[in-house]
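This briefing goes through one structure topic by topic.

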Amino acid sequence: MMEVLRQQLIDTALAMNASGLNQGTSGNLSARCENGFLITPSGMDYAGLLTRDIVWMDLDGNTRGTRKPSSEWRFHAAIYQHRAEANAVLHAHPVNCSTLACLNKGIPAFHYMVAVAGGKDIRCADYATFGTPELSEFVIRALHERKACLMAHHGLTCFESDLPRALALAIEVEHLATVYSQILAIGEAEILTDGEMERVLMKFGSYGKQDI
Ligand SMILES: [Zn+2]
């Protein structure tokens, strides 16, 4: 079982880089498992990853395996601690999410799909040095009632109920960041009303779920 999840983690990491979301080894991915989570190792090229390179950790940061975990393991652990519904966490430095994040800008409701992250906007977490407990605190705050946030001067973090959904969410948020960046370059964004976003969020309650 753990072997299957380790392989799924590698496959999703490869798909993340192939999608253009991430360059090199700057991103990291994890998946909840029994008594902890599995996470990509620090600074290793995804292309050569073997299942034994994936690191097992508990939520206190104890590791098992031969590799060092991603330097961002702290906020992965914090998300699993604070959000029971999180089974997969993805972190990357996509170009357009990072562009907005470097301006300390979140993504307002300029497009109804902003609701995909769970609310009326996608926040930008305050800046703190990578790998620090302070950064975990800021990410958890920005993710309040959300599944995705930008991170100031850094990138994107999101979580979902499984790895494929986490990747799909990250791709959607990067698309929104791309369109929003273009809007800021040529004009001013028009923001949907709270009432409209509430309607969209209601509809998203059943979005993508087929009736059986
Ligand atoms: Zn990072």
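Along the chain, the donors of the zinc ion follow the spacing H-x1-H-x60-H. His93 sits in the loop between strand 5 (88–92) and helix 3 (95–102), and His154 in the loop between strand 7 (148–151) and strand 8 (155–160), so this pair ties together parts that are 61 residues apart in sequence. The model is predicted.

**Zinc site**

- Three histidines coordinate the zinc ion, namely His91, His93 and His154, each through NE2.
- His93 is partly exposed, with a relative accessible area of 24%.
- His154 has a relative accessibility of 13% and counts as buried, because the cut-off for buried is under 20%.

**Helix 3 and its surroundings**

- Helix 3 has the buried residues Asn96, Cys97, Ser98, Leu100 and Ala101.
- These buried residues of helix 3 pack against strand 6, strand 7, strand 8 and helix 5 (163–186).
- Asn96, in helix 3, has a relative accessible area of 18% and is buried.
- Apart from neighbours within four places in sequence, Asn96 is in contact with Glu174, Ala177, Thr178 and Ser181.
- Asn104 follows helix 3 and has a positive phi, near 60 degrees.

**Helix 4 and its packing against helix 2**

- In helix 4 (residues 133–142), the buried residues are Leu135, Ser136, Phe138, Val139, Ile140 and Ala142.
- The buried residues of helix 4 pack against helix 2 (73–82), strand 6 (124–125), strand 7 and strand 8.
- The axes of helix 2 and helix 4 are 9 Å apart, and the two helices pack at an angle of about 45 degrees.
- That angle makes helix 2 oblique to helix 4, since angles under 35 degrees would count as roughly parallel and those of 65 to 115 as roughly perpendicular.
- The crossing of helix 2 past helix 4 is right-handed.
- On the helix 2 side, Arg74, Phe75, Ala78, Ile79 and His82 make the contact.
- On the helix 4 side, the contact is made by Pro133, Leu135, Ser136, Val139 and Ile140.
- Leu135, Ser136, Val139 and Ile140 are among the buried residues of helix 4 and also belong to its contact with helix 2.

**Cysteines**

- How many disulfides does a search of the whole structure find? The search finds 0.
- Cys102 is in no disulfide, and the nearest cysteine sulfur, that of Cys124, lies 8.7 Å away.
- Cys102 counts as partly exposed, at 42% relative accessibility.
- For Cys124, the closest cysteine sulfur is in Cys149, at 7.8 Å, which is too far for a bond, because a disulfide needs sulfur atoms within 2.5 Å.
- Cys124 counts as buried, at 17% relative accessibility.

**Helix 1**

- Ala15 is placed in helix 1 (residues 2–18).
- Ala15 has a relative accessibility of 31% and counts as partly exposed.
- The C-alpha atoms of Ala15 and Tyr46 are 9.9 Å from each other, while the two residues are 31 residues apart along the chain.

Definitions and conventions. Residues numbered from 1 in each chain as written. Predicted model: local features only at pLDDT ≥ 70, side-chain atom pairs only at ≥ 80, totals over all residues. Heavy atoms only, no water. Donors = N, O, S within 2.8 Å, 3.2 Å for Na, K, Ca; no water. Helix = DSSP H or I, 4+ residues; strand = E, 2+ residues; numbered from the N terminus. Buried < 20%, exposed > 50% of the residue type's maximum accessible area, 1.4 Å probe, protein only. Contact = heavy atoms within 4.5 Å. Axes fitted to C-alpha atoms, helices over the stretch in contact; angles between N-to-C directions. Parallel < 35°, antiparallel > 145°, perpendicular 65-115°, else oblique. Left-handed = near helix turned anticlockwise from the far one by under 90°.
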